[in-house]
Amino acid sequence: MFKVIWKITKLIPKVNKIIADLYYFFQDSKYNFSGKNNLIDLDLLGNFSFIKKIIITIEGDDNKIQISSGAKINNTQFNIFFNHNLIVIEKNVVINGGCIWIKSNYSKIFIGKNTTIVKANIGIAESNLSITIRENCMLAHDIDIRCGDSHSIIDLKSGRRINYAQDIYIGNSVWLATGVKFLKSLTIGAGCIIGTGSIVTNNIPENCLAVGIPALVKKTDVTWLSEKLPVDNKKCPK
């Protein structure tokens with residue numbers, strides 16, 4: 001079975017809101033659980049009412065999904081299979097669509113504060129691995145980030161597997177444009193921009209613009225802002 005922990009310190013001033021939040025959470029979402037000691041840890045001190053229309057499936061033991069205050073999650077799936085796994089959603093994260101999944105043991109997905117995600121597929125297919133997305137990142141539509149290939153590639157001469165899975169780390173304030181795909185064992189430095197449709201196969205240093213298949217660094221010493229700044233036509237490149 002599973003249990004839900006509600007973090008409700010300073011409860012009295014928020015009683016009406018919390019009751020309404022709980023109603024919408026259970027009415028609009030679906031839960032499929034099997035196993036023991038599985039936990040959903042929800043902090044009710046934020047905009048909890050924005051967590052709607054989610055599907056949570058857990059099959060295994062000792063798994064945990066932790067969602068912090070201010071999270072806004074809509075129309076998103078969370079799937080955990082096997083044992084001792086953890087998904088952490090930090091404060092003020094926005095997730096609209098897609099699937100976050102773990103099919104392994106002793107693995108972790110961490111999404112840092114103020115990160116926004118639109119219809120991404122983020123998953124771990126092998127044990128003892130992690131995907132870390134730090135704070136203030138922006139992931140556009142149809143992003144695919146996964147540790148492992150889910151199948152084995154074998155060298156015929158040695159008989160050994162050659163496609164081992166490894167961790168993925170995305171630093172603070174990284175912008176992934178539409179359709180970016182990640183392969184295993186990658187580090188993306190803080191402040192990077194990865195262009196539309198790119199397939200990232202190697203580490204990218206901080207404050208770089210990388211595009212292409214495979215993604216290559218095209219500009220260094222750059223950063224980005226979510227808001228549009230006014231264009232100075234006199235300085236606009238030809």
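Helices (H or I, at least four residues) and strands (E, at least two) are DSSP runs, numbered from the N terminus. The views below show a predicted model, in which local features need pLDDT of at least 70 and side-chain atom pairs count only at pLDDT 80 or more, while totals for chains, interfaces and linings use all residues. Residues are numbered from 1 along each chain as its sequence is written, and side-chain values use heavy atoms, with hydrogens and water left out.

View 1. Arg 146 belongs to strand 14, which covers residues 144-147. With a relative accessible area of 27%, Arg 146 is partly exposed; buried means under 20% relative accessible area, exposed over 50%, and partly exposed in between (1.4 Å probe, protein chains only). Contact means heavy atoms within 4.5 Å. Apart from neighbours within four places in sequence, Arg 146 is in contact with Trp 101, Asn 121, Gly 123, Ile 131, Ile 168, Phe 182, Leu 183 and Lys 184. Leu 183 is 37 residues from Arg 146 in sequence, yet their C-alpha atoms are 6.6 Å apart in space.

**View 2. The chain as a whole.** The chain has one helix and 22 strands. Of its 238 residues, 41% are buried. Among contacts with a separation of 6 or more, 29% join residues 24 or more positions apart. The accessible surface of the chain is about 12900 Å², and 53% of this area belongs to carbon and sulfur atoms; accessible areas come from the Shrake-Rupley method with a 1.4 Å probe, and for residues only the protein chains shown count as cover.

**View 3. The largest nonpolar core.** A nonpolar core is a set of buried Ala, Val, Leu, Ile, Met, Phe, Trp, Tyr and Cys residues joined through side-chain atoms within 4.5 Å. The largest one here has 48 residues, and those with the most contacts inside it are Ile 89, Ile 122, Ile 145, Ile 170, Leu 176 and Phe 182. Strand 11 (residues 116-124) supplies the largest share of this core, four residues. Leaving aside neighbours within four places in sequence, Ile 170 is in contact with Thr 132, Ile 133, Arg 134, Cys 137, Ile 145, Leu 176, Phe 182 and Ile 188.

**View 4. Cysteines without a disulfide.** A disulfide is a covalent bond between the sulfur atoms of two cysteines. Here a disulfide is counted as a pair of cysteine sulfur atoms within 2.5 Å, and by this rule the count is zero. Cys 137 is in no disulfide, its nearest cysteine sulfur being that of Cys 192, 10.0 Å away. At 2% relative accessibility, Cys 137 counts as buried. Cys 208 is likewise in no disulfide, and the sulfur of Cys 192, the nearest to it, is 5.2 Å away. Cys 208 also counts as buried, at 4% relative accessibility.

**View 5. Aromatic rings.** Rings of Phe, Tyr and Trp (its six-membered ring) pair if their centres lie within 6.5 Å; planes under 30 degrees apart count as stacked, over 60 as edge-to-face and the rest as tilted. The whole structure holds two aromatic pairs. Tyr 31 and Phe 33 form a stacked pair, 6.4 Å centre to centre with 20° between the planes. Phe 33 is partly exposed, at 21% relative accessibility. The rings of Trp 175 and Trp 224 have centres 5.7 Å apart and planes at 50°, so this pair is tilted. Because Trp 175 lies in strand 16 (residues 175-176) and Trp 224 in the segment after strand 22 (216-220), the pair ties together parts that are 49 residues apart in sequence. Trp 175 is partly exposed at 31% relative accessibility, whereas Trp 224 is buried at 15%.

View 6. Thr 220 lies in strand 22. Leaving aside neighbours within four places in sequence, Thr 220 is in contact with Asn 207 and Cys 208. Asp 221 is found in the segment after strand 22 and has a positive phi of about 55° although it is not a glycine. At 74% relative accessibility, Asp 221 counts as exposed. Pro 214 is in the loop between strand 21 (208-211) and strand 22, and the peptide bond from Ile 213 to Pro 214 is cis, with omega near -5°.
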